[in-house]
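Let's take a friendly tour of a protein model. Have the sequence and the 3D view ready, and look up each residue as you meet it.

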Amino acid sequence: MTDEQTAPPIPQPVIIPRSEHGISRADISDNALKVLYRLKNAGYQAYMVGGGVRDLSLGREPKDFDVATDARPEDVKALFRNCRLIGRRFRLAHVHFGPEIIEVATFRALHDPTNGDVEGDVAMEDGRILRDNVYGTVEEDAMRRDFTINSLYYNIADFSIVDFANGVPDLKAGLLRMIGDPEARYREDPVRMLRAVRFAAKLGFRIEEGSAKPIPEMAELLEHIPQARLFEEVLKLLMGGQGAQTFELLRRYRLFGHLFPEADRFLEQEEDGLWLRFINAALRNTDQRIADDKPVTPAFLFAALLWPVVVDLQQTYQDDGEDEAPALQNACTDALERQVQRVAIPKRFSLPMREIFTLQSRLERYGLGAGKRALRLLGHPRFRAAYDFLLLRAEVGDAPQELADWWTRFQDSNPGERVEMAGSEGGPRRKRRRRRRKPAASE
Ligand code: ATP
Ligand code: MG
């Protein structure tokens with residue numbers, strides 16, 4: 001492929017005048033335009049950059065609009081009443097317009113990692129950027145962005161697009177190419193590997209060979225990334241509407257195991273592919289809901305990713321003599337504890353996850369006419385999520401289909417029918433049957 005052998009980009013910009021590109025001001029949010037114009041009128045340079053230019057060039061609707069400028073964060077703050085400065089690692093100005101936030105970043109300079117100023121504006125560790133607040137020129141700023149297609153600048157002064165990194169040809173070819181030396185750039189910020197996969201899935205792009213090759217070997221660098229930042233990235237990866245495709249790429253590039261190590265172990269070692277089908281079903285379910293504009297919660301997906309671990313731990317504890325209910329409780333606690341070593345899960349999601357897990361055993365025990373407690377379960381605030389979870393389990397054979405169907409009919413029935421369906425306490429109480437699935441719980 002000749003387009004993959006292009007020499008490393010040099011900051012000799014190609015300027016595409018307004019007459020030769022398709023981005024019109026009508027496509028840009030009024031608030032982003034307001035920010036761009038106010039910066040320009042105050043004498044600063046102001047560009048729309050990143051996803052805004054990339055997505056509009058592809059005829060897609062951008063998720064948000066990012067602005068780059070030579071104004072310092074404090075200068076931006078002075079221009080906008082509704083502005084807040086955020087971030088320590090990477091200081092930014094957020095200009096708020098109701099629900100819309102325009103992110104304004106000051107041009108960053110390139111820096112020499114051996115010259116790290118640990119106390120001040122830049123901090124590096126093992127080639128990783130801990131803090132990056134040295135300001136520079138627009139050319140320098142372009143070189144330190146991640147992918148060539150993310151480094152296109154729409155200039156509000158003349159409505160041209162400025163391409164410093166050969167991004168336009170890559171955009172046309174559908175290629176994600178890291179700017180500069182991919183290995184060094186991944187070492188600076190390992191999250192860029194996740195971003196490569198995210199954009200590849202979202203845009204249907206290919207990761208250019210030189211940018212793709214180092215990923216599996218460097219994936220373990222993700223272990224240095226704070227758990228809270230990884231949580232934010234995982235949300236974008238799995239809740240962006242292309243979760244199933246993203247998951248496949250995460251596994252192909254050996255990134256998944258560094259985000260969900262316990263779940264990955266099951267996927268790698270299982271022979272019948274049940275958990276892979278289950279997780280895929282959950283991801284497709286979320287993708288479809290997003291496509292249908294229905295509400296989605298990360299608790300559901302995270303629960304699906306941890307379910308194989310919970311099931312196995314519960315079985316281990318029961319084998320050790322614990323009763324079913326405490327074994328499940330302990331399994332939830334342990335599975336969550338292990339997971340948050342890698343990717344943080346805020347309480348507002350881990351509590352519902354735990355409920356989805358524990359409700360599974362209640363759905364199993366109270367269904368099929370096992371008694372009145374089925375009626376009360378319907379009123380549980382997490383019933384709906386737990387029922388949806390049961391449907392997925394039944395779909396792949398992890399729960400009896402007749403049980404799932406019973407709960408479906410039960411909900412669709414009127415109150416009188418429900419009482420009849422619920423039956424009496426002495427009904428056919430179901431025992432949890434589990435086929436043990438290796439691998440055994442980790443040390
Ligand atoms: P989207 O908003 O659709 O997720 P985006 O490309 O706009 O995609 P943002 O996270 O909003 O992504 O970041 C805006 C821009 O900032 C990117 O396009 C890229 O130029 C730059 N950028 C973001 N994160 C990094 C990073 N980790 N390393 C280098 N550049 C980055
Ligand atoms: Mg963006």
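Start with arginine 382, which is partly exposed at 28% relative accessibility; here buried means under 20% relative accessible area, exposed over 50%, and partly exposed in between (1.4 Å probe, protein chains only). This is a predicted model, in which local features need pLDDT of at least 70 and side-chain atom pairs count only at pLDDT 80 or more, while totals for chains, interfaces and linings use all residues. Residues are numbered from 1 along each chain as its sequence is written, chains are lettered from A and ligands numbered from 1 in the order in which they are written, and side-chain values use heavy atoms, with hydrogens and water left out.

**Salt bridges**

- Side chains of opposite charge can pair when their charged atoms come close.
- A search of the whole structure finds 22 salt bridges, each being a side-chain nitrogen of Lys or Arg within 4 Å of a carboxyl oxygen of Asp or Glu.
- Arginine 382 pairs with glutamate 355, with their closest N and O atoms 3.0 Å apart.
- Because glutamate 355 lies in helix α16 and arginine 382 in the loop between α17 (373-378) and α18 (383-396), this pair ties together parts that are 27 residues apart in sequence.
- Helices are DSSP runs (H or I, at least four residues), numbered from the N terminus.
- Glutamate 355 is partly exposed, at 26% relative accessible area.
- Glutamate 248 and arginine 252 also form a salt bridge, at 3.2 Å from N to O; both sit in helix α11 (residues 243-252), 4 residues apart, or about one turn of the helix.
- Arginine 177 and aspartate 170 form a salt bridge at 2.9 Å between the closest N and O atoms, and both residues are buried.
- Arg54, Asp55 and Lys202 are joined in a network of salt bridges.

**The magnesium site**

- Which residues coordinate the magnesium ion (ligand 2)? They are Asp64 (OD) and Asp66 (OD), at 2.2 to 2.4 Å.
- Donors are N, O and S atoms within 2.8 Å of the metal (3.2 Å for Na, K and Ca), and water is not among the atoms, so sites may look incomplete.
- Aspartate 64 is partly exposed at 29%, whereas aspartate 66 is buried at 18%.

**Cysteines and a helix neighbour**

- The count of disulfides is 0, where a disulfide is a pair of cysteine sulfur atoms within 2.5 Å.
- Cysteine 83 is buried at 3% relative accessibility, and cysteine 332 is buried at 0%.
- Threonine 358, in helix α16 (residues 347-366), is buried at 15%.
- Leaving out residues up to four places away in sequence, threonine 358 touches Leu328, Gln329 and Cys332, where contact means heavy atoms within 4.5 Å.

Notes. Helices (H or I, at least four residues) and strands (E, at least two) are DSSP runs, numbered from the N terminus.
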